[in-house]
Amino acid sequence: MTSTTSAPISDVVSQHLPVIRFDRNEPFLPQAVGYTVYTADAPSVSANHDVVLKGAAKAIEYAIWWDWDIQHLYELEHIWVYLDAEDLVMRVESSAHGYIGEMSRLGALPLEDGRVTLYSEPGKHAFAADPEPLRANFAITTLWCGDEAGDADILVPALLNGALDDLTIYDRHLARQYLQSQAFKPSFRFDQKVDLCDVPLMPWKDLLASIPGRVLSQLTRLRGEAKGVKAVFLDSGDTLIDEDSQVFVEGELVLQANPIPGGDRLVAELKKRGYLVALVADGLTESFENVHKAMGFWDDFDMRSISEEVGVHKPDPKMFLTAVDGLGLTEADHAGCVMVGNNLERDIAGANRLGMRSVWISWTKNYPTEPANEAEKPDFEIKLPHQLLDVLDAINAGA
């Protein structure tokens with residue numbers, strides 16, 4: 001049995017809102033608190049936990065919402081405050097990485113000036129009654145907040161009720177990029193204090209109803225703020241591999257080939273620098289799989305648009321738009337898509353007609369080297385794959 005409606009209970013809820021101490025370098029602070037009051041033992045309505053009173057008159061469950069954890073979009077942690085018949089604190093529980101435990105400090109309740117006061121793990125927000133256990137984990141916490149920032153990109157919990165069923169590769173990419181930009185080195189000095197009285201408070205059902213919109217608003221914001229290169233589309237022949245080195249079997253099927261200088265390292269370097277990368281190439285899927293797997297970058301592509309599967313060849317727009325759609329980009333993102341290829345008619349004209357940036361790699365002499373018309377004029381020319389990195393830097397600087 002639970003109750004969340006009476007005015008006196010709401011006063012008690014406000015009175016016992018906890019105080020949280022954060023690392024002085026913590027970039028993400030709570031945005032909202034949802035509450036539920038329990039007057040009998042019951043399963044939690046917002047966490048995988050059974051609320052057991054153990055002699056308390058009531059328990060207040062505070063579900064604390066952050067838009068961001070340093071490793072992913074969305075964070076929800078909990079504090080349970082158990083009260084006696086006089087509304088005095090008897091016991092405190094809190095969550096940490098999915099686990100729930102009782103909070104005490106030197107054998108006493110974690111109270112400061114009569115208020116429940118807990119410490120929040122830097123970046124990850126797991127709760128502790130004392131800062132020392134958090135400091136003891138400094139090595140892994142520093143890794144999470146630094147090199148591994150954004151690793152989990154977006155959590156999609158059941159409580160979102162399908163609101164993120166249309167989540168795209170690009171959405172996850174933007175979340176990773178944003179969190180990497182927020183990476184920080186924890187100080188383990190917890191002198192940034194947040195009184196939850198200053199954070200919007202609402203019944204849990206209202207917070208729950210708002211969560212899908214909160215998550216989607218963050219993704220909308222990131223899309224609106226994204227500038228510069230949004231994805232790199234790569235051809236394969238004479239762009240990554242040497243067409244003259246191809247060994248064919250069974251007609252058109254390529255068994256093996258050699259890279260052009262640096263072609264076997266380009267995709268990995270683009271991924272290292274944080275770009276989405278799509279293969280947009282004419283040929284048989286098995287051919288590309290044979291060659292690219294042997295060179296170690298087949299699995300590095302975020303998306304593949306291959307003519308055998310798409311049913312058309314470049315410069316047909318469908319080849320490019322299949323990559324756009326597969327990544328979760330839209331027509332408004334075309335100017336942020338950069339197509340790199342060796343063929344002026346197929347790669348350059350096809351991209352130019354869709355408003356994409358075009359980069360001609362003039363390594364080969366197997367195809368015409370002069371544009372036949374205005375549509376075949378590339379925005380940039382490079383001679384070797386590694387020069388693409390400077391082109392992308394220039395595009396980003398201009399944006």
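This is a predicted model: local features need pLDDT of at least 70, side-chain atom pairs count only at pLDDT 80 or more; totals for chains, interfaces and linings use all residues.
**Entry 1: a patch of negative charge**

I found one in which E250, E286, E308 and E309 gather. I then took up one of these residues, E286, and placed it in helix α7, which covers residues 285–295. Its relative accessible area is 46%, so I recorded E286 as partly exposed; that class lies between the limits of 20% for buried and 50% for exposed.

**Entry 2: salt bridges in the whole structure**

I turned next to pairs of opposite charge. Side chains of opposite charge can pair when their charged atoms come close. How many salt bridges does a search of the whole structure find? The search returned 26 salt bridges. I looked up several of them individually.

**Entry 3: R21 and E112**

I noted a salt bridge between the side chains of R21 and E112, with a distance of 3.2 Å from N to O. R21 belongs to strand β2 (residues 19–22) and E112 to strand β10 (residues 111–112), so this pair ties together parts that are 91 residues apart in sequence. I then checked the accessibility of each partner. R21 has 18% relative accessibility and therefore counts as buried, because buried means under 20%. E112 stands at 22% and counts as partly exposed.

**Entry 4: R115 and D195**

I examined a further salt bridge, in which the side chains of R115 and D195 meet at 2.7 Å, N to O. This pair links distant parts of the chain, 80 residues apart. I located R115 in strand β11 (residues 115–120) and D195 in strand β14 (residues 192–195). For D195 I recorded a relative accessible area of 23%, which means that the residue is partly exposed.

**Entry 5: E289 and K293**

I returned to helix α7, where I had placed E286. Which side chain does E289 meet in a salt bridge? The partner is K293, at 2.8 Å from N to O. E289 and K293 are 4 residues apart in helix α7, and therefore about one helical turn separates them.

**Entry 6: a network**

Lastly, I looked for salt bridges joined into a network. Which residues are linked in this way? I listed K54, R91, E93 and E102 as the members of a network of salt bridges.

Definitions and conventions
Residues are numbered from 1 along each chain as its sequence is written. Side-chain values use heavy atoms; hydrogens and water are left out. Patches are made of residues with over 30% relative accessible area and no salt bridge: like charges are joined within 9 Å, nonpolar side chains (Val, Leu, Ile, Met, Phe, Trp, Tyr) within 5 Å. Accessible areas come from the Shrake-Rupley method with a 1.4 Å probe; for residues, only the protein chains shown count as cover. A salt bridge is a side-chain nitrogen of Lys or Arg within 4 Å of a carboxyl oxygen of Asp or Glu. Lys and Arg count as positive and Asp and Glu as negative; His and the chain ends are not counted. The place of a charge is taken as NZ of Lys, CZ of Arg, CG of Asp or CD of Glu. Helices (H or I, at least four residues) and strands (E, at least two) are DSSP runs, numbered from the N terminus. Buried means under 20% relative accessible area, exposed over 50%, partly exposed in between (1.4 Å probe, protein chains only).
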